[in-house]
Amino acid sequence: MRIPGNEGIPAWHVSDTLAGLYAAGTAREPDAWSLEKHIEACGTCAVRVSAALRGGAAGPALTEVRTALLARVRAEGAAPVPERNAARGPAGGTAMSRSAAMSRSAAPRSAAAPRFGVAARVLWAAGPALRGSWLVAVALVAVGAVALAHLTGVTGARPMLLLLAPLLPLAGVAVSYGPYADPMYEIGVSSPGGGLRLLLTRTAAVLTVSFPLLTLAGALLPERAGAPGAAVWLLPGLTLTLAALALGSYVGCRAAAGVVAGAWAVPAALGPLPSTWGRGDGGASGAVPLAELAAYVARFLSGATAQSGWAMGAVVCAGLLVLRRRSFDRPAAV
């Protein structure tokens, strides 16, 4: 709910009771998440929660950190931030000083914020995958499959794309989250919107790009007898992505994506393909066995039994991810 004429400013505010519970670490998890998201846009409540934290058990530690930070700023010769908090006492200061701080924090924020701030935040939240080579790779795969089919007359491009498509979201997850992929990873983990929420946001961005693009490319490819439809890979792709996220709570997203991708690709490499590789359509030596490839992909992706199995796998992986959600609240060891 928004106040008309004050778009961007939430209509509700954090109560003193909720701020106290949050400061004491006893707020319910949904309330804590809602509070943390709310204070990103509401300076008034940010000041209220800050005062509660300084007045709680964490107050001495916060005061020590602030004092050390200001001393470092002064030692390096930089001009310190105006002492907005100086008028406050250790426990939060007077009502007048808090009111002044609230006015400075809340009123001009939306008007003074640069217009590119929202776009920059959205781009940052989307993750490194959508800012880097992964997006180019997905586009090349989609365009390359269509070009291969229509310019060279290859009739088996769809089964090859269906075999490759589930791996691309995994690659996007691998390069979206972790100390090796994001230079702001530690800051993101410690921020109110970090951890699992940030990972899910970036995963959603990866799926939003890869699912429609690769499915559209598959629909544009010529149909082949025995090959499944262009959309059959969506549920398996989602299941493999959830499996990578769940496994990533133990070993990190990059390693998890590699393991899951190997589990998907190795059976294709060691399955029926090697025995038929080299015979091709009509037994032509040196060609890709497209008929066997189409049958192999259809067996694993198409049909009620296969799709039901993928759906059950998705539910199991999602449940495990929920149980392991707390593991994303601290930086990974690697």
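Tutor: Happy to! In this predicted model, the largest nonpolar core has 34 residues, and L130, L170, L214, W233 and L301 are those with the most contacts inside it. Several helices each supply at least two residues of this core: helix 8 (133-152), helix 9 (157-164), helix 10 (167-174), helix 12 (196-219), helix 13 (234-251), helix 14 (253-270) and helix 16 (290-301). Helix 12 gives the most, with 6 residues. As a general background, nonpolar side chains tend to be buried together in soluble globular proteins.

Now zoom in on L301. Leaving aside its neighbours within four places in sequence, L301 is in contact with L162, V232, W233, P236, W264, A306, Q307 and W310. Apart from this core lies another one, of 14 residues, among them Y177, V189, L199 and L245.

Let's turn to the rings. A search of the whole structure finds 3 aromatic pairs. One of them joins Y296 and F300, with 4.8 Å centre to centre and 50 degrees between the planes, so the pair counts as tilted. These two residues are 4 apart in helix 16, which means that about one helical turn separates Y296 from F300. Y296 is buried, at a relative accessible area of 5%, whereas F300 is partly exposed, at 36%.

R254 lies over the face of Y180, 4.0 Å from the ring centre, and R324 lies over the face of Y250, at 3.9 Å from the ring centre.

Technical notes: Residues are numbered from 1 along each chain as its sequence is written. This is a predicted model: local features need pLDDT of at least 70, side-chain atom pairs count only at pLDDT 80 or more; totals for chains, interfaces and linings use all residues. Side-chain values use heavy atoms; hydrogens and water are left out. A nonpolar core is a set of buried Ala, Val, Leu, Ile, Met, Phe, Trp, Tyr and Cys residues joined through side-chain atoms within 4.5 Å. Buried means under 20% relative accessible area, exposed over 50%, partly exposed in between (1.4 Å probe, protein chains only). Contact means heavy atoms within 4.5 Å. Rings of Phe, Tyr and Trp (its six-membered ring) pair if their centres lie within 6.5 Å; planes under 30 degrees apart count as stacked, over 60 as edge-to-face and the rest as tilted. A charge sits over a ring if NZ of Lys or CZ of Arg is within 6 Å of the ring centre and within 35 degrees of the ring normal.
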